[in-house]
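Subject: Structure handover

Hi,

Here is the structure I promised to pass on.

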Amino acid sequence: MTELWTLFLTAAFVDNMPLILFLGLCTFLALSKRPDAALGLGVAMTAVLGVTVPLNQLIYAYVLAPGAWSWAGMPELDLSYLALIAFIGVIAAAVQVLEMVLDRFFPAIHAAFGVFLPLLTVQCAILAGSLFMVERSYSLVESTVFGLGSGVGFAVAVVMLGAIRSRLAYANLPAGLRGLGIGFVLTGLMSLGFAAFSQMAAAS
Amino acid sequence: MAKGPDVWRVLTEPLIRQNPVTLQILGICSALAVTTTMATALTMAVSLTVVLTLAAGIISTIRRHIPDSIRLIVQIVIVASLVIVIDQVLQAYFAEISRALSVYVGLITTNCLVLGRTEAYARHHRPLPSMLDAFGNGLGYSLVLMIVGGLRELFGKGELFGFAVLPLADAGGWFTPLSLMLLAPSAFFILGLLVWAIRSWLPEQAEAPEHVPPGRMEAAE
C-alpha cells in the first residue's frame, strides 16, 4: 500500500508532467490564462489519464507484448512495434466514450469539462502516460495509480499557473514579454520549485 | 505552380516571422525535453522535419478522398505510421540516441505541430507547396531546437556536439559548468527569453494584455 502511495506522489510531484518532463505544454500554456478554465482542464486530464493508462496496460499485456500470443501457439509473435497506433486508437475511443457517457448521465460534469475533453486526444501528456507505462512495465494497479497521480500533478500545476497569470494583470510587463514569454518564465520558476521535490525524493 | 519568390517565401516565412514554436505555440513539449545536448536536439529536429514533410505530402495527395468527418483519425494514423518507421530506424542505427530520446520520438505523433500544419495547410493545397510549407516549418522548429540545445550544452557542459569548447575548471581550464542549465527550469527560461527577444525585434507579434485590472481601466478612461 505504501508503495502505491509513493508511486502516486512520485507521479504527481517528482515527475510532474508539465514542469519536469515538459509534457502537455501546448495546452498547459494555452489554457492557463484563468484559474477556472485551468481547473476544468486539470479535472479532464485526471479523468482521461486515469482511464486510458490502465486500458492501454491491458491491451499491451494481453495483445501486443512479446509472447502475449503464446496461448494461441505463437510464442515468437512480437507486436510491440504497433503500440503507438494501438494506444492512439484506444485514447481516441476512450475519450469519445467518456464524453458520451458523461453527456448522457452527468450533464453537469460534461458542461464543466466543456471543450477540453476532445482536445485531449492529441495531447502528448496522455500518450506519454501510456508510453511510460510500457517503458517502466507497470502492473494494472500501478498503472491506474500512475495515471491518476500524473493527472493530479498536471491539475495542481495548471491551476497554480492560472492563478499566477491572472494576477499578472497588475504587473507592468514589457510588450514583448506579455503572454507567451512571461508564461515560459513563470513555468520555469514553478519548475524550479518542483525540482525541490526530486531532491526530497533522492534524500528519503 | 508556385513562382520562384513564392516558394522562397513559403520556405523562409516560418523560420522567424511565423516560427511554429515561438509564435504559433505548436510543438513546445518536445522542443524543451530533448534539448539538453545538441546531438539529441538535432536527431529530434531531423526526425520531426522528415515526418512533417512526408505526412504533409501524403495527406495532401489523398486530400480529395478523405471524408471530412473522419479526417483527424486518418491524419493521426498516417502520422503514427511514419513515426513508427522513424522510431525503428533510430533504434536500428542510433541506439544510444534513441535511448536518450526515450518516449519523445513516439510523441511526435501527438506533436501539435504536425497535426496543426496538415490541418491548416496540407488539407487545402497541392502536394508540392504543402511539402514546402511543412519543410519550412520543420526548419523553423529545428532552428529553435538548435538554439536552445546549443545554449544548454555550451553552458551546462562546456561542449558543443560533445566536443569541448570551453575548458572545464576540473580539467585545468577556467569554466565551471552550470548544472542548472541541464535541468528543466533553464529550458523554460531560455525559450521565454528567446520569445521576448524575437518579439522585441518584431513588435507586431506582441500580445495584448490578457486582462485589464479594474483600477487601471478607469484610469484609461
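Below is what was found, taken chain by chain and then across the interface.

First, some housekeeping. This is a predicted model, in which local features need pLDDT of at least 70 and side-chain atom pairs count only at pLDDT 80 or more, while totals for chains, interfaces and linings use all residues. Residues are numbered from 1 along each chain as its sequence is written, chains are lettered from A and ligands numbered from 1 in the order in which they are written, and side-chain values use heavy atoms, with hydrogens and water left out.

**Confidence**

The predictor gives the complex an ipTM of 0.76 and a pTM of 0.80. Chain B averages 78, and 87% of its residues score at least 70. Its confidence is lowest in H9(B), with a mean of 48, and highest in helix H3 (residues 38-61) of chain B, at 87. Please read residues 216-221 of chain B with that in mind: their pLDDT is below 50, and beyond near neighbours in sequence this stretch has four contacts in the model. A contact here means heavy atoms within 4.5 Å.

**Chain A**

Chain A has nine helices and zero strands. The C-alpha atoms of chain A fill a box of roughly 70 × 45 × 35 Å along the principal axes. Of its 204 residues, 49% count as buried; that label means under 20% relative accessible area, with exposed over 50% and partly exposed in between (1.4 Å probe, protein chains only). Among contacts in chain A between residues at least 6 apart in sequence, 75% join residues at least 24 apart.

Leaving aside neighbours within four places in sequence, A:Met190 touches A:Leu19, A:Ala157, A:Met160, A:Leu161 and A:Ile164. The C-alpha atoms of A:Met190 and A:Met160 are separated by 8.8 Å, although the two are 30 residues apart along the chain.

A:Ala92, in helix H4 (residues 83-105) of chain A, is partly exposed at 25% relative accessibility. Its C-alpha atom is separated by 8.6 Å from that of A:Leu120, 28 residues apart along the chain.

**Salt bridges**

Side chains of opposite charge can pair when their charged atoms come close. The whole structure holds two salt bridges over all chains, the rule being a side-chain nitrogen of Lys or Arg within 4 Å of a carboxyl oxygen of Asp or Glu.

One joins A:Arg136 and A:Asp15 (3.9 Å, N to O). A:Arg136 sits in the loop between helix H7 (124-135) and helix H8 (140-167) of chain A, and A:Asp15 in the loop between helix H1 (2-14) and helix H2 (25-30), so the pair ties together parts that are 121 residues apart in sequence. A:Arg136 is partly exposed at 31% relative accessibility, as is A:Asp15 at 23%.

Another joins B:Arg117 and B:Asp133 (3.2 Å, N to O). B:Arg117 lies in helix H6 of chain B and B:Asp133 in helix H7 of chain B, so this pair links parts 16 residues apart in sequence. Both B:Arg117 and B:Asp133 are buried. Besides B:Arg117, B:Asp133 is in contact with B:Val10 and B:Tyr121, leaving aside neighbours within four places in sequence.

**Where the chains meet**

The contact takes 44 residues from chain B and 45 from chain A. Together the chains bury about 3900 Å², 76% of it on carbon and sulfur atoms; this is the accessible area (1.4 Å probe) that two parts lose on being put together, summed over both. Between chain B and chain A there are zero salt bridges.

Best wishes

How values were computed: pLDDT is the predictor's confidence in each residue, from 0 to 100. Helices (H or I, at least four residues) and strands (E, at least two) are DSSP runs, numbered from the N terminus.
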